[in-house]
Amino acid sequence: MKFLLGRKKRKSSRTVFDHFKKILSINNDVLAKTARMEQALGGGFIFDSAFLSSSVADIAELVHQDIDHLNAMAGDRYFSLFDRFEEILDRLERLIAGRRAGQKRLAVPYSDINMDMDESVGGKNAMLAEIGNMLNIRIPQGFALTTQAYGLFLEANSIPEKIAAFVDLSPQELTRRIADFFILENMPDPLGKAIEEGVRKLGSDRGNIFAVRSSTVGEDGTRSFAGQFASFVHVPVEEVSKRCLEVMASRFAVCVLQSSVADAACREFPVAVGVQTMIDTMAGGVIYTSNPLCLEEDTLLISAVPGSGSRLVSGEVDSDQYFVSRRAPFALKKSILGHGREYTPESLNSRSPQEVDMEQGELLLSRHQLTELAETAMLIEKYFGYPQDIEWAIDKNNVIFILQCRRLYTAEQPSLDLISFRKELADANVILSGCGHPAQIGVASGEVVYVDSRNPPLDFPVGAIAVCRTADPALSVVIRRAAAILTEVGSPTSHLATIAREYRTPALFGCGDLANVLADGQFVTVDVEKKTIYAGYIKSLSMLQCLESEPLADNVEMRMLRRLLRMIRPLHLHDSSECSPEQCRTLHDIIRFCHEKAVEIMSGIQNWDRRSREDRTLLLPLPLKIRLVDLGGGLKPLEKEEIDLADVASLPLQAILQGMLLRGIWENEPVSLGIRDLLSGALATPLTVPGNTSLTGENLAIIAEEYVNLSLQLGYHFNVIDAFISSDPADNYIYFRFIGGMADAARRARRAQLITTILNGLNFKTDLQGDMVTGRINILTVEQAENILGRLGQLIAFTRQLDVRMESDGTIDRLLEKFLAGAITTDQD
């Protein structure tokens, strides 16, 4: 693709705005095409390799255009973004052509592994690394010896040819003969160095110990070889290489050979190896996320033993068993101790406090540990989309680690009585129906938890229903843990919708006013496909979801699509304003970066402007004139140079002016200035903000039908509002900046605090530095944006010369009350 160069020359504000609108349009197109690929991944339609090639080509062309438009706005300041784009595109094209990067690596750290690398690192390594990297679940540090390492050992020692000569041997003798080849003396030098380097990075001190586990391709599939390949624990540094070879040799164990063929090429079930730091376990065990003893019970089963869980897996000891609800807050339903004693909450309630303390003291796991294990297990099940068999450990510091996860196969599926299903739905209390836009199909139940996207909680309760004002990408930390997410404003082609589909989190966006419908803590069931929210738990819907969660056929095209999307859809730049082009890791990162930087440039568009004969002067019923620069559609057709409010067609400017002209909002009483105020004013110099030229100068509005950049100088106070309003909420934003004042520093700081408090009340994300306040709000409907802009107009008028009245901290509360009572006359929708 050709780069466009030579754009250092300053552009007109009209040209900058045209590029900005192109970026908004392109971003939406990329997200829509990505959503189409995600629909195919979910089984929405049949596709082939031609669909994949054309989809990648279309998205790549759009992203290239996006970067070009950004550089046109920024004078090629972000030209290095092309380099990142070309690197990602090269990986995509190699994948489509069947040349996967990294296939020849002998050892791969877990940090570089994902579930689609199972053919190279084996299923166990791939699944374990996936949950560690994608869900931030604690797993042991480690690396994988790939099937390429296994193949290298076979070829270097001519093992396929030697096996071919053993055709008449019994399985027992064949196993013994082959094992004799897997010794350190036969270790190829590149393989030995790869193991040594991997161990060194994990910590090769002589006191360190490791686990060396099998991770064979297809080991835990429908043809299970669970427990038949070798694994070793408590391995000292000096024995790691030896144990790796023994794991490889177990591919030819008697039990495996009796179920497969030791063919000359040794292609069936190639062996990968996992080398992990050993966890010093206090307790360990297994979790079945669906209780195999009673599939309709809606519980998960946690089995636990003291020390290593491997003793439980090998059947050496009896375990404690805990039956825990699959739904938050994950209540303990029943526990059975290893000696056979059974406890239920009801049985404990019937005993004395002393008996309860004694009996609960016999339980190996605390309620807190059970809850954390259940949360982690359900996170893993939700991510993969089907029940899981999970091996876990708790170390001496009470930290939980996941050691392995794989699909849980059960002999039967839960049954669904259609008559009871229809009756339960008919009797259900429908809270909301026909609302919103499905972003990710699914059914979920849980307690409603309201979330502020400006400060999303990292410890959002697993299994709760997240309810938010907007579909802000900052909510990605919540998406992983939520059972479902509902937003008042948002689009199924938004950034957050893409993240929801990535994590299989049911998502319904643009539901309208939820605050007056759903109460915090209320238990609800959400059916996204039907766009319906029910009160309480609808068991039959949850059962139907389980029955429909069968994974799709894992053919070549499906696997390629997943791998392509890994380079397209993940979003890592949640705060791209502080990121560089070099930090973009996916095409989604790049378009997000372009969008954020474009908005940042637009907030300073007044610095691009030059006077022209097309400028107009806006006359207002105030001692205030504003010069207008129309980028297109901002004014009604006219010939006169001086215009009034009725001539303005710019939607955002109209909203601001209506707020500024509200009767009684301007404070016209004379103010008294102290000597410090006078000195502060006399010593005031032209104010600047990093990245912008002087803020002093005339009042200027650069406008279009859907856009405004308004710069106002009212005495020693400077305001900037930059806003875009369109029919697509995902494109809409408002930026506000205030700085300056005549009074001393303390009073100016109080006025800045007052403005910050008001902006926070309007859901702005704010930043306060000295007497400078900046705020930004995204993802708004037209009505919401107009309402907020009107309030900003009121705020500008109300706070003019207000700094000299800020005599004490108590003034902040008094004036805030006055503003809310006198200036705010309508409620935000």
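Start by selecting helix α1 (residues 13-41) together with α21, whose axes come within 10 Å and cross at roughly 155 degrees; axes here are lines fitted to C-alpha atoms, for helices over the stretch in contact, and angles run from 0 to 180 degrees between N-to-C directions. The two helices, α1 and α21, are therefore roughly antiparallel to each other, a label given to angles over 145 degrees. This is a predicted model, in which local features need pLDDT of at least 70 and side-chain atom pairs count only at pLDDT 80 or more, while totals for chains, interfaces and linings use all residues. Residues are numbered from 1 along each chain as its sequence is written, and side-chain values use heavy atoms, with hydrogens and water left out.

On α1 the contact includes Phe 17, Phe 20 and Leu 24, and on α21 it includes Ile 591, His 595 and Met 602. By class, the contact of α1 with α21 has 13 nonpolar, 3 polar and no charged residues, where Ala, Val, Leu, Ile, Met, Phe, Trp, Tyr, Cys and Pro count as nonpolar, Asp, Glu, Lys and Arg as charged, and the others, Gly among them, as polar.

Next, select helix α2 (residues 49-74) and helix α3 (residues 81-96), which pack at an angle of about 175 degrees with their axes 11 Å apart. That makes α2 roughly antiparallel to α3. Among the residues that meet here are Val 56, Val 63 and Asp 68 of α2, and Phe 82, Phe 85 and Leu 89 of α3.

Finally, turn to the open sheet, in which 9 strands follow the order β23-β21-β22-β24-β25-β26-β27-β29-β28 with mixed pairing; two strands pair if DSSP finds at least two bridges between them, and strands (E, at least two residues) and helices (H or I, at least four) are DSSP runs, numbered from the N terminus. β23 (642-643) and β28 (765-769) stand at the edges, each with a single partner strand, so one side of each is left without a neighbour in the sheet. Helix α21 (residues 587-602) packs on this sheet, touching β25, β26, β27 and β29, while helix α25 (residues 782-798) lies across β25, β26, β27 and β29, running at about 10 degrees to β27.

Methods: Contact means heavy atoms within 4.5 Å. Angles under 35 degrees count as roughly parallel, over 145 as roughly antiparallel, 65 to 115 as roughly perpendicular and the rest as oblique.
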